[in-house]
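This report describes one protein chain, from its overall fold down to single residues. The sequence and the model come first, and the notes follow.

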Amino acid sequence: MKKKSVFQHVSRENILALLGPIGSFSHQAAGSLKNFIKKRYAVSFRGLLRMSRDGYHVLLPYRNAIIGKIKQTESFLKSTKASIVKRFKIPVRMVLAAHPG
């Protein structure tokens, strides 16, 4: 018997698309969005934007602690009718680690 995907039983309105992997900053921010039943992870920014065009809610990175604003997000927001619904601030701690020698 062929197994059906869980996503076939859940409306796209209840699925949040985000960049992976589990444990990433996007995953941490998604933890505070309780109204989404499932999370779907994209492996690339392009894949995440495709999911948005397919009707999923997406969690996009807007600003990075190292490089500042994310250009792909800015151009996506300018070229579509998408809008920012909620912003998250995630504390980021940088660590510079190296092997001795």
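## Overall fold

Of the contacts in the protein chain with a separation of 6 or more, 47% are between residues 24 or more positions apart; a contact means heavy atoms within 4.5 Å. This is a predicted model, in which local features need pLDDT of at least 70 and side-chain atom pairs count only at pLDDT 80 or more, while totals for chains, interfaces and linings use all residues. Residues are numbered from 1 along each chain as its sequence is written, and side-chain values use heavy atoms, with hydrogens and water left out.

The protein chain has three helices and five strands, where helices (H or I, at least four residues) and strands (E, at least two) are DSSP runs numbered from the N terminus. Along the sequence they follow the pattern β-α-β-α-β-β-β-α. Of the 101 residues, 25% count as buried; buried means under 20% relative accessible area, exposed over 50%, and partly exposed in between, with a 1.4 Å probe and protein chains only. The accessible surface of the chain comes to about 8,300 Å², and 55% of that belongs to carbon and sulfur atoms. Accessible areas come from the Shrake-Rupley method with a 1.4 Å probe, and for residues only the protein chains shown count as cover.

## Helix H2 and its packing

Helix H2 covers residues 45-53. Its buried residues are Phe 45, Gly 47, Leu 48, Leu 49, Met 51 and Ser 52. These pack against E1, E2, strand E3 (57-59) and helix H3 (71-79). An α-helix has 3.6 residues a turn, so residues three or four places apart point the same way.

Ser 52 has a relative accessible area of 18% and therefore counts as buried. Leaving aside residues up to four places away in sequence, Ser 52 touches Val 58 and Phe 76. Just after H2, Gly 55 takes a positive phi of about 105°.

The loop between strand E1 (15-19) and helix H1 (25-30) holds Pro 21. Gly 20 and Pro 21 are joined by a cis peptide bond, with omega about 5°. Most residues other than glycine have a negative phi, and most peptide bonds are trans. Within helix H1 lies Ser 26, which is buried because its relative accessible area is 15%. Beyond residues up to four places away in sequence, Ser 26 touches Leu 18, Leu 19 and Leu 59.

Phe 36, in the loop between H1 and strand E2 (38-42), is buried at 16% relative accessible area. Asn 35, also in the loop between H1 and E2, is exposed at 57%. Phe 36 touches Glu 13, Asn 14, Ile 15, Leu 16 and His 57, not counting residues up to four places away in sequence. The C-alpha atoms of Phe 36 and His 57 are 9.2 Å apart, although 21 residues separate them along the chain. Asn 35 and Asn 14 are likewise 21 residues apart in sequence, with 7.1 Å from C-alpha to C-alpha.

## Charges and rings

How many salt bridges does a search of the whole structure find? The search finds one, a salt bridge being a side-chain nitrogen of Lys or Arg within 4 Å of a carboxyl oxygen of Asp or Glu. Glu 74 forms it with Lys 69, and the closest N and O atoms are 3.6 Å apart. Glu 74 is partly exposed at 23% relative accessibility, and Lys 69 is partly exposed at 38%.

The charged end of Arg 87 sits over the ring of Tyr 62, 5.1 Å from the ring centre. A charge counts as over a ring if NZ of Lys or CZ of Arg is within 6 Å of the ring centre and within 35 degrees of the ring normal.

## A nonpolar surface patch

Phe 25, Ile 66, Ile 67, Val 92 and Met 94 form a nonpolar patch on the surface, with about 540 Å² of accessible area together. Patches are made of residues with over 30% relative accessible area and no salt bridge; like charges are joined within 9 Å, and nonpolar side chains (Val, Leu, Ile, Met, Phe, Trp, Tyr) within 5 Å. One of the patch residues, Ile 66, lies in the loop between strand E4 (63-64) and strand E5 (68-69). Ile 66 counts as exposed because its relative accessibility is 66%.
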